[in-house]
There are 2 protein chains.
Amino acid sequence: MTIKLYELCGADNKMVFSPHCWKVRMALAHKGLSYETEPVGFSKVARIEEGESRRVPVLRDGENIIEDSYKIALYLEEKYPDRPSLFNGEGGKAATQFVTAWSQNQLHPIVARLVLIQIYHSLNDEDKVHFRTTREKTFGMTLEDFSATRGASSTDLHNVLVPLEAMLADQPFIGGQTPLYADYVVFGALQWLRIFKGQSLLKKGSKAEAWMETLLDMYDGAGRAATIAA
Amino acid sequence: MTIKLYELCGADNKMVFSPHCWKVRMALAHKGLSYETEPVGFSKVARIEEGESRRVPVLRDGENIIEDSYKIALYLEEKYPDRPSLFNGEGGKAATQFVTAWSQNQLHPIVARLVLIQIYHSLNDEDKVHFRTTREKTFGMTLEDFSATRGASSTDLHNVLVPLEAMLADQPFIGGQTPLYADYVVFGALQWLRIFKGQSLLKKGSKAEAWMETLLDMYDGAGRAATIAA
């Protein structure tokens, strides 16, 4: 039975950019599971698998449909216990939630502010309308005004990554000697950035940059092969 | 064989306030291990157990002398495997390093700026000289100038705790359903704050406040029994 991953895409449907989808791509690669991808534009996401208010990523595995990247990782861990673990135990599973909360609340806002306009320009016309309408309602201002007044810099990025940089002085991955799902959580955010900025804004010569490069090369370069925004 | 914990103290040697020592106190309580405490002032720390440049906490367990809170936790985990685990597996052990890097680099600077002057005033005369000399060399300015120009607010504290607050919406502890060493890492920093500020600066009604209250009550209220700065 083929696993199918529904992923967010741009006007070029080979360009899948959602950080949450990249977490799952890396989790599937970590487990050595093959899958087919079904790219979906913003305006079509809610109706995936006959849903009403879906959010990507959505994974179908046989009769099972799972939504939310962490739930998908937990599902893969339970369903494929003989494959390499994504968590290395219950303590790892729990602490991953802290890493995720940090990534979501500290790192994602910086990356989102860096890539907002590029995301918009990468979409097809229908998704552009959807993206602009939903985001401008949330921000209470136009995308352009938001970017002009709330933009972020590479210095903001370097500052927010200080905990990762500090930890990498002690061990090569958040997972320890090898990467685990917690690494892919942070990787997802930085891959999102990489896809829209063409090249890394990470500090040159930093441990975070080296860590990212290592992850991009893993699993036959699955991360490095990502289609970059035009 | 009695375990001995060397801890940093104020002029009142019952007032042990180092966040790193509190991590170890909680780890010892978690393991259900009894110990004796040996409070040491700043100016005497380097010479603990005939050392030359020691830093607290230092733990003596029989012939073993261990320095550094994380190394002590690893030691306790290995030496007392039949007691409740501090990490729940290798993944937890590794991810704890990320939590520690976050705590050390994001949370500690805020707390340090909040309590700096109170620490100074809590010390005996000899330690006051040591503290002032070493810190002013690091800061390049007097303690008073540093506090005046680099002070932190409760808003800074609430902002830096956003990842903890967000995670607590999903699970009660960083360790999952029960606290692990990663929880004590963050607890240590907030206990340090609590000892010098007399009452919590945590946001009223927040999940972080409730989490802290729970930890203060655990192990027969070992945390709540801390001697508070006068």
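Start where the two chains meet: between chain B and chain A the count of salt bridges is 0. Keep in mind on this tour that you are looking at a predicted model.

**Stop 1: the interface**

Colour the two chains separately and select the residues in contact. How much area is buried between chain B and chain A? About 2,100 Å², and carbon and sulfur atoms give 70% of that.

Although the salt bridge count here is 0, the interface does have 4 residue pairs in polar contact, both partners at pLDDT 80 or more.

**Stop 2**

Chain A has an open sheet of 4 strands in the order S2-S1-S3-S4, with mixed pairing. Which strands are at the edges? They are S2 (35–40) and S4 (64–67) of chain A, and each pairs on one side only. On average, neighbouring strands of this sheet are turned by 20 degrees against each other, direction ignored.

A quick reminder: strands of a sheet pair through backbone hydrogen bonds, either parallel or antiparallel. Zoom in on S1 (residues 3–8) of chain A, which pairs with S2(A) in the parallel sense over 6 bridges. To see one bridge up close, select A:Ile3 and its partner in S2(A), A:Tyr35.

Bring in the helices now. H1 (residues 19–30) of chain A packs on the sheet and touches S1, S2 and S3 (58–61) of chain A, its direction making about 155 degrees with that of S1(A). Then select H2 (residues 69–79) of chain A, which lies across S3 and S4 of chain A and runs at about 140 degrees to S4(A).

**Stop 2: a glutamate in H4**

Select A:Glu136, found in helix H4 (residues 125–139) of chain A. What does the side chain of A:Glu136 reach at 2.9 Å? It's the backbone nitrogen of A:Leu143. Leaving out residues up to four places away in sequence, A:Glu136 touches A:Met141, A:Thr142, A:Leu143 and A:Glu144.

**Stop 3: a hairpin in chain B**

Show chain B again. Strands S3 (residues 58–61) and S4 (residues 64–67) of chain B run antiparallel and are joined by 4 bridges. B:Val58 stands opposite B:Glu67 in S4(B). Between the strands of this hairpin there are 2 residues, and B:Gly62 takes a positive phi near 60 degrees.

**Stop 5**

Most residues other than glycine have a negative phi, and most peptide bonds are trans. With that in mind, look at the peptide bond from A:Val56 to A:Pro57: it is cis, with omega near 0 degrees. A:Pro57 lies in the loop between S2 and S3 of chain A. In chain B, the bond from B:Val56 to B:Pro57 is cis too, with omega near -5 degrees.

Finish at A:Tyr219 in helix H9 (residues 207–221) of chain A. This residue is not a glycine, yet its phi is positive, near 50 degrees.

Notes:
Residues are numbered from 1 along each chain as its sequence is written. Chains are lettered from A and ligands numbered from 1 in the order in which they are written. Side-chain values use heavy atoms; hydrogens and water are left out. Buried area is the accessible area (1.4 Å probe) that two parts lose on being put together, summed over both. A salt bridge is a side-chain nitrogen of Lys or Arg within 4 Å of a carboxyl oxygen of Asp or Glu. A polar contact is a pair of N or O atoms within 3.5 Å; within protein, one must be able to donate a hydrogen and the other to accept it, and residues adjacent in sequence count only if both atoms are side-chain atoms. Two strands pair if DSSP finds at least two bridges between them. Axes are lines fitted to C-alpha atoms, for helices over the stretch in contact, and angles run from 0 to 180 degrees between N-to-C directions. Contact means heavy atoms within 4.5 Å.
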